[in-house]
Amino acid sequence: MLTRSRYAVVIPVSDEDYLFVNTFTGHILQGKNHLKEILDSENPEACDAEAVKILQESGFLTTMSPREEIIHAYDCLTSFNPVQDNLFFVLILTYACNMRCDYCFESYVFEREKNWLENTMSFDHVDKAFEIMETMNPEADTPIHLFGGEPLLYRNYDLVKYVLEKGSSQEKSFIIVTNGLEAKRFIPLLSQHDITSVQVTLDGLPPVHDSRKKKLDGTGSFQEIVASVDALADEKIRVYVRVVFDHSTVRDLPSFMDFAEEKGWKNSAYVSVFLTPQRHHTEGGCFNFVCNLHEEDLDFLVEEESVRDAFWVGLEPIRKKLGLGVDTWIPCTTYCRQNPSQVWLDPHGDIYMCTDTLGDREHAVGRYYPELVLNRHYHQWKERTIFTMNPCHSCKYAMICGGGCAHYVYHEKGTLLRPDCTFSKQARTIYYPLLWRIMEAKKVIP
Ligand code: SF4
Ligand code: SF4
């Protein structure tokens, strides 16, 4: 007998339309009330045969009992388990930075004592970090990320050179997340190595950008960063320009996109611009895209053609997580580490697994220097999946959610091993409808 799958989620996207999301198979259909009525019916087999066939083929109607469905889903996930062995590594060369951005998610580290802040990885740290990368994941084929603080401080040139040469000797590639202030001075060095991409941040034209992203002397950084983007692109190094915005700056975005077009960045083979709302240290963690936006800001982003595409690119992490607006979807078994797991190695020899905890030793999951030692936090992070947290195991949102933000829940409840359902609520009420509206506006409905 056919019944509604326990993984069938119905989301209103307009007065008459619904999205039907199967959170296990990843199928998403758009339809009207009659599909909903079939799903809610006590006897679907008596309903419109063609619609029933579509719903059954996409897994919205099933002959399995709820319990059989859970067992089947977890059997499939266990054999597939994409998470635990797929690590990417981030080297924090130093926490020091030559800028002070208003919203820096690491701003708390600038309150630490000068020696701690300005400390850099030694060559011994770098050697050990490469050893640890090999031990923890010899098969890792994702680029090594260089991060900070600011990784491209010219005073640390020899360290950057050492890291790049060491990586290149092992055929590694790199992604560098830099503020771009001194990046130009590194270009001859970067050109000799496999740099997958460099990411910089520009928050708008000078009146907006320079008020938010200041150098240490309090002056703006717009001109230097723009010059670095151009210089990197001239050397055929791929640059991603991330534009961070919030409620106070969202309406300035079109003028920045005009500027990007005039610069030739819009059609450049080497520069891409994407928009991403400011977030971090908030309920829902890194996926909470709306914590600093109002509803009318989202309407603006959907309706304003000049910013829509770049916003769509910035929404890629959520699109991948929800399986909407992407070619393939991978079910989540964890919240933020599914694609793949992140391991941050800092200049003090500590290891972290969450961006929002960097530099706070209470949250370190171990040390890689002088020797690799992993603590109970590491094992809790590894353990924290939808397989192990009871409420998640039987939750219909588990495979789009993954258990919620561990760091937030640790703050609220003092343990990593509890779920946080913020994301799934936002997914139903905000993200799916928003993505669908953008797809309609872009005319990319499948
Ligand atoms: S955190 Fe909540 S919504 Fe997410 S999978 Fe667990 S129980 Fe479900
Ligand atoms: S646990 Fe994940 S989502 Fe939450 S703050 Fe840390 S990295 Fe972000």
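**Entry 1. Ground rules.** I worked from a predicted model, in which local features need pLDDT of at least 70, side-chain atom pairs count only at pLDDT 80 or more, and totals for chains, interfaces and linings use all residues. Residues are numbered from 1 along each chain as its sequence is written, and chains are lettered from A and ligands numbered from 1 in the order in which they are written.

**Entry 2. Domains.** I looked up the domain assignment, whose bounds come from an automatic or database source. The protein chain is given domain 1 (3-80) and domain 2 (87-322). I noted 40 Å between the C-alpha centres of domain 1 and domain 2.

**Entry 3. The sheet.** I took helices (H or I, at least four residues) and strands (E, at least two) as DSSP runs, numbered from the N terminus. Two strands pair if DSSP finds at least two bridges between them. In what order do the 10 strands of the open sheet run? I read the order as 13-12-10-9-8-6-14-15-16-17, with mixed pairing. Strand 13 and strand 17 (373-374) are the edge strands, each pairing on one side only.

Entry 4. I followed strand 6 (residues 87-92), which runs parallel to strand 8 (residues 144-147) and is joined to strand 8 by 3 bridges. Leucine 91 has leucine 146 of strand 8 as its bridge partner, and valine 90 has histidine 145. Strand 8 and strand 9 also run parallel, with 3 bridges between them. Here histidine 145 is partnered by isoleucine 175 in strand 9. From strand 8 the chain passes through helix 6 to strand 9 in a right-handed β-α-β crossover. A crossover is right-handed if, with the strands pointing away from the viewer, the path from the first strand over the helix to the second runs clockwise.

**Entry 5. Strands 12 and 13.** I then went to strand 12 (residues 239-245), which pairs with strand 13 in the parallel sense over 7 bridges. Tyrosine 240 is opposite serine 272 in strand 13. Strand 12, helix 10 (residues 253-262) and strand 13 form a right-handed β-α-β unit. For burial I counted other C-beta atoms, placed from the backbone, within 10 Å of a residue's own: 20 or more is buried, 12 or fewer is exposed, and in between is partly exposed.

**Entry 6. The core.** I looked for nonpolar cores, meaning sets of buried Ala, Val, Leu, Ile, Met, Phe, Trp, Tyr and Cys residues joined through C-beta atoms within 7 Å. The largest has 121 residues, and those with the most contacts inside it are Leu91, Val241, Val243, Leu345, Tyr432 and Leu435. Helix 18 (residues 422-442) gives the most to this core, 8 residues. At least three residues of this core come from each of domain 1 and domain 2.

**Entry 7. Ligand shells.** I counted a residue as near a molecule if its C-beta atom, placed from the backbone, lies within 6 Å of it. Ligand 1 has 13 residues around it, with Cys392, Cys395, Cys401, Pro419 and Cys421 coming nearest. Helix 15 (390-393) and helix 16 (398-401) are the elements that give two or more residues to the shell around ligand 1. For classes, Ala, Val, Leu, Ile, Met, Phe, Trp, Tyr, Cys and Pro count as nonpolar, Asp, Glu, Lys and Arg as charged, and the others, Gly among them, as polar. I got 9 nonpolar, 3 polar and 1 charged for ligand 1. The residues around ligand 2 include Cys286, Cys336, Cys354, Cys405 and His407. The shell around ligand 2 divides into 7 nonpolar, 3 polar and 1 charged.

Entry 8. Most residues other than glycine have a negative phi, and most peptide bonds are trans. I found a cis peptide bond between glycine 148 and glycine 149, with omega about 10°. Glycine 149 lies in the loop between strand 8 and helix 6. Another cis bond joins tyrosine 369 and proline 370, with omega about 5°. Proline 370 lies in the loop between strand 16 (366-367) and strand 17.

Glutamate 171 is not a glycine, yet has a positive phi of about 60°. Glutamate 171 sits in the loop between helix 6 (157-169) and strand 9 (174-177). Is glutamate 171 buried or exposed? I list glutamate 171 as exposed because it has 8 C-beta neighbours inside 10 Å. Lysine 443, in the segment after helix 18, also has a positive phi, near 60°. Lysine 443 counts as exposed, because 6 C-beta neighbours lie inside 10 Å.
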